[in-house]
Amino acid sequence: MAQVLTLCRSLLHWSPLWVRSMCSLEEQARAIFAAAVEGVQPDSVVRRALQRRGDELVVAEHSFKLHHNLHLVGFGKAVLGMAAEAERIVGDHLVQGIVSVPHGIQETLQRHRKLNMLLDASSKIKVMEGAKHNLPDTDAQRSAESIWELASNLTERDLLLVLISGGGSALLPAPVPPITLQEKQEVTHRLAAAGATIQELNTVRRALSLLKGGGLSRCAYPAQVVGLILSDIIGDPVDLIASGPTVWSETSLEEVWAILYRYNLYATLPLSVKEVLNQTGSQQRSKLKDQPQQENILNTVIGSNAIALECASHKAQELGLRPVILSPGVCGNVQAVAQLYGLLSRFACSPGKEPPELRDQILKLGQEVGVGSSELCRTMKHLEKGRQESWHATCLLAGGEPTVQLLGKGKGGRNQELALRVGLELSRAEERSTTVFLSGGTDGQDGPTEAAGAVSDRNMETEAQSQGLDIDGFLRNNDSFTFFSSLSKGQKLLLPGLTGTNVMDVHLMILPPPPPAE
Ligand SMILES: Nc1ncnc2c1ncn2[C@@H]1O[C@H](COP(=O)(O)OP(=O)(O)OP(=O)(O)O)[C@@H](O)[C@H]1O
Ligand SMILES: O=C(O)[C@H](O)CO
């Protein structure tokens with residue numbers, strides 16, 4: 001008996017190694033990324049969020065009576081799949097629905113055989129495509145008008161399910177008159193081109209729209225409104241994702257003007273925009289009278305980067321790795337982010353004790369890229385333990401949306417550029433680590449390329465040199481896609497195809513333990 005127990009213990013002890021030997025670190029990294037994306041698929045997030053108990057719908061522990069009183073609207077890049085799943089769950093009580101989705105998405109989903117993300121031929125939901133190239137256009141404006149009309153005809157008997165995901169702002173344009181669509185488009189385009197953040201952009205969008213900033217739920221009053229939100233902004237701010245059409249928000253005019261001044265737009269603003277902003281103060285006072293309607297609104301985040309990282313963490317564990325989640329809020333310059341990952345790899349791979357200055361460098365850099373010192377200290381503790389447990393590799397997971405300063409004319413994306421820069425950090429580090437790094441966009445598309453991201457490791461530079469590829473030149477030209485397409489015949493590219501979801505980017509680094517110190 002004792003022998004059997006010992007055998008079982010040793011099998012349990014070594015099974016991770018056995019599992020690991022089944023596939024390379026790179027294959028494991030790819031499988032973990034796939035699990036992150038799988039966990040935030042539009043259908044699975046809706047399935048987790050909507051519970052059906054007879055004629056009752058339960059969302060975030062709130063229960064709603066269903067009696068053929070359900071209406072559905074949606075806008076965003078992932079809402080077609082969300083709508084298909086919602087209809088599978090509560091379709092028998094659905095009266096009507098309208099979703100505003102990107103131009104060409106039905107054809108693309110058909111092509112990728114993502115049939116579960118498409119509506120049945122007998123669906124009660126009308127699909128309206130628009131916003132070519134992610135820009136609000138007259139098609140999207142027509143969809144917004146139809147959604148407005150549906151919402152404004154509801155009564156207190158009705159329940160409006162609102163499906164929201166990234167890209168929703170462009171798919172629901174309803175400029176406050178006399179602002180024209182073109183004028184609104186011009187303001188947002190100029191702000192984006194001047195480098196405004198999504199938070200700044202959507203703060204301005206809310207002030208110029210009838211439906212954003214809670215306008216849709218005001219319009220649906222006195223119906224109950226349930227917003228199911230797939231987040232694509234760091235920190236999951238429900239008032240800013242798709243510019244918060246179901247979230248009561250009081251526009252701070254000072255903030256809006258400050259943003260317009262900051263990006264030098266004030267002098268050249270269309271007159272209509274100035275007129276609307278000047279009127280906003282008095283409109284807001286009248287909206288305040290409607291405040292009790294907030295009780296009719298439930299907003300819940302059903303998918304986010306943090307959830308994707310949790311799913312990735314489970315997969316890593318299944319593969320016998322020691323997962324640690326650094327943060328779902330990595331932002332800032334891609335160069336600083338790459339340096340941070342380089343330092344964390346050094347930390348994990350230092351035989352014995354890490355160099356004395358390393359901790360301080362990591363904490364300092366963390367501040368620049370949105371990672372707090374408590375998150376970093378917790379992660380370093382985990383990595384330190386990994387150095388001692390010499391048979392388990394650690395899988396460090398993070399997510400967010402770093403930024404790239406575009407100076408060149410090449411083809412690339414922030415994930416491929418990050419993978420390239422981390423590859424360089426690993427190649428040029430003194431420690432000979434076997435760390436593998438992966439960065440990928442959960443939507444399956446990194447910048448204007450067909451790849452979602454790429455994988456890199458310490459051998460990248462040597463391989464590039466042997467193929468005559470000048471890494472620094474590719475970086476200067478922001479040409480990471482061309483680089484990875486040429487390196488090892490494109491084998492390091494991450495090519496999942498369109499995923500149908502979007503919770504920003506996922507970064508993961510597999511850190512095998514260093515050889516024991518002599
Ligand atoms: N050549 C390039 N190299 C590196 N990054 C690039 C390049 N061209 C574009 N980008 C980056 O790609 C991003 C735009 O692509 P994409 O549409 O995938 O991102 P997004 O704005 O986050 O959209 P989504 O929210 O749908 O993911 C911008 O952050 C831009 O800086
Ligand atoms: O639609 C939008 O506003 C962006 O995707 C952020 O949510």
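Buried, in these legends, means under 20% relative accessible area, while exposed means over 50% and partly exposed lies in between (1.4 Å probe, protein chains only). This is a predicted model, where local features need pLDDT of at least 70 and side-chain atom pairs count only at pLDDT 80 or more, though totals for chains, interfaces and linings use all residues. Residues are numbered from 1 along each chain as its sequence is written, chains are lettered from A and ligands numbered from 1 in the order in which they are written, and side-chain values use heavy atoms, with hydrogens and water left out.

**View 1. S488 sits in a loop between α19 (480-486) and β14 (493-494).** Helices (H or I, at least four residues) and strands (E, at least two) are DSSP runs, numbered from the N terminus. S488 counts as buried because its relative accessibility is 16%. Look for its side chain making a polar contact with the side chain of E463, at 2.8 Å. (A polar contact is a pair of N or O atoms within 3.5 Å; within protein, one must be able to donate a hydrogen and the other to accept it, and residues adjacent in sequence count only if both atoms are side-chain atoms.) Leaving aside residues up to four places away in sequence, S488 touches E463 and Q467, where contact means heavy atoms within 4.5 Å.

**View 2. I179 is in the loop between β7 (159-165) and α7 (181-193).** With 5% relative accessibility, I179 counts as buried. Its touching partners, not counting residues up to four places away in sequence, are K184, L208, S272, V273 and V276. Check out E275 too: it is 96 residues from I179 along the chain, yet their C-alpha atoms are separated by 8.9 Å.

**View 3. Ligand 1 has 16 residues around it.** K77, G410, G412, R414 and N478 come nearest; a residue is near a molecule or strand if one of its heavy atoms lies within 4 Å of it. One nitrogen atom of the ligand lies 2.9 Å from a backbone N or O atom of N478, and a backbone N or O atom of G410 is 3.2 Å from a nitrogen atom of ligand 1. The side chain of R414 has an N or O atom 3.1 Å from an oxygen atom of ligand 1. On its own, ligand 1 exposes 620 Å², and the protein buries 73% of that. (Accessible areas come from the Shrake-Rupley method with a 1.4 Å probe; for residues, only the protein chains shown count as cover.) Three nonpolar, seven polar and six charged residues make up the shell.

**View 4. Ligand 2 has G166, G167, G168 and S169 among its surrounding residues.** An oxygen atom of ligand 2 is 2.9 Å from an N or O atom in the side chain of N202, and a backbone N or O atom of A242 also lies 2.9 Å from an oxygen atom of the ligand. Taken alone, ligand 2 exposes 230 Å², of which the protein buries 91%.

**View 5. Helix α3 (residues 42-49) is mostly covered.** Six of its eight residues are buried, namely P42, D43, S44, V45, V46 and A49. Those buried residues pack against several elements, including α2 (25-38), β1 (50-53) and α4 (79-90).

Definitions and conventions. Nonpolar A, V, L, I, M, F, W, Y, C, P; charged D, E, K, R; others polar.
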